[in-house]
Amino acid sequence: MSNQITKNQHYIPQSLLLHFADSEEQLFEILLFHKKIFPTNIKNTMCEQYTYEHDILPKNTIENYFSKIEGEVAPAVSDVIKAINEFKNGEIKDINEVKEKVRNILNNFLVFYYRSGALLTEFSSSDKRDKIPLLSEKILNSEYINNLANVIDEFYDFAIIESSDDFLLSDQFVSTTALRIKTQFSNLSNRHIGLKETAIFMPISASFYIVYWNTQYDFPIKKNEINKLSEENIKLINSTIINNSYTKCVAKKKERIEEVVAFYKWASPTNFFAGGNPSGYFTGATKKKEVFFFEEERKAYEILENLAMIIYRNLGRNDPCSCKSGKKFKKCHWDAYNRFQSVMLTFGRTQRENMRDFLIYKIPITEKPIDEWSGYHRE
């Protein structure tokens, strides 16, 4: 490996960005804060200068580690695309052959998830000297990554979704979403990998995503199939992907970004104090942005988050909704308020009972908050 520092360090590899670009390696990027869409190429997106350099590490240490993984993943992803097309054409009879090829790169996809520029945003510290060790702690913990991949493989349903080069790619790489609002944990979002009622979208190309999910309720994707999506469901998936993004999102087609940008809701990660002790020191975590797949669940969470239950409490179905939308309550926040009330029934339960209920089949492996800390003094 060269000792020369790689200046422009990609947090999503160019070899994977190729599958979201045209034949000339061009694609469209949106800067979400400004809602500005412009053409670019794979060399100039999903990267930062000296992203992974640290003064206590030899030059290119982490960059070289990622390069090694990319050398394995790039041909493997191409092999997955080939297998998907062979399954479509009947050359492969069992979708489990495709699933096994995905499983072989699942661990590395989780590493890309943690390395992404978006998740670097989720650290509580702005000092890279603090971020890089915390990032390394996640990606180098092979037991944690392996266990998390095993939970996905064993306890989530599997499917492939297909479009005509219409899917977006988030700067978080893997996109996750909550299918139902859950009782809040002190350091977990509703969409952490390893929880029930969660869906995970893993990017393969602008035409194919792998979806893993766990739910007891209706979900518009059929398991163990290639699902050719309707226009409505493409928008639903893309609105989920764009809401997984913190700074940018890319797509092969500009119009696919344009049609979902209005659904994007910016939210910063939340520093959450989890507890303390008599000496005045606290522990806590940085919790991810909440993303909900269904609009009713998002509205229910906002009622909880904003403590807005009082304004809906005495409304009749045909009364004007208190959110000032101009709609009747039954056409606006009725379902969300009822969903909120059902969640409230679980709030008196202990943390142990919540963990027992919401971790998949009592499996004690779930995604850890990106940034946990202790020894934070009240001063």
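**View 1. Helix α9 gives the lining of the largest pocket its largest share, six residues.** This is a predicted model, where local features need pLDDT of at least 70 and side-chain atom pairs count only at pLDDT 80 or more, while totals for chains, interfaces and linings use all residues. Residues are numbered from 1 along each chain as its sequence is written, and side-chain values use heavy atoms, with hydrogens and water left out. Helices (H or I, at least four residues) and strands (E, at least two) are DSSP runs numbered from the N terminus. A pocket here is an open set of points on a 1 Å grid over the protein atoms alone, where a 1.4 Å probe fits and protein lies on both sides within 12 Å along at least five of seven lines; lining residues have an atom within 4 Å of a point. Besides α9 (295–305), both α7 (231–243) and β12 (270–276) supply at least two lining residues each.

**View 2. What sits at the centre of the largest pocket?** The space comes to about 800 Å³, taken as the volume filled by probe spheres set on grid points joined across faces, edges and corners. Of its 31 lining residues, Lys 265, Glu 290, Val 291, Phe 292 and Arg 298 are the closest to the centre. By class, the lining splits into 12 nonpolar, eight polar and 11 charged residues; Ala, Val, Leu, Ile, Met, Phe, Trp, Tyr, Cys and Pro count as nonpolar, Asp, Glu, Lys and Arg as charged, and the others, Gly among them, as polar.

**View 3. Strand β8 (residues 198–203) is largely enclosed by the rest of the structure, because six of its six residues are buried.** Buried means under 20% relative accessible area (1.4 Å probe, protein chains only). Thr 198, Ile 200 and Met 202 point one way, and Ala 199, Phe 201 and Pro 203 the other. In a regular strand, side chains alternate between the two faces of the sheet.

**View 4. β8 pairs antiparallel with β7 (residues 175–178) and with β9 (residues 208–214).** Pairing takes at least two DSSP bridges between strands. Four bridges link β7 to β8, and six link β8 to β9. A hairpin of four residues carries the chain from β8 to β9.

**View 5. Four strands make an open antiparallel sheet, ordered β3-β2-β11-β6.** β3 (36–41) and β6 (169–170) are the edges, each with a single partner strand, so one side of each has no neighbour in the sheet. Four bridges hold β2 (residues 26–31) against β11 (residues 248–251) in the antiparallel sense. Leu 31 stands opposite Lys 248 in β11.

Terms used
Buried < 20%, exposed > 50% of the residue type's maximum accessible area, 1.4 Å probe, protein only.
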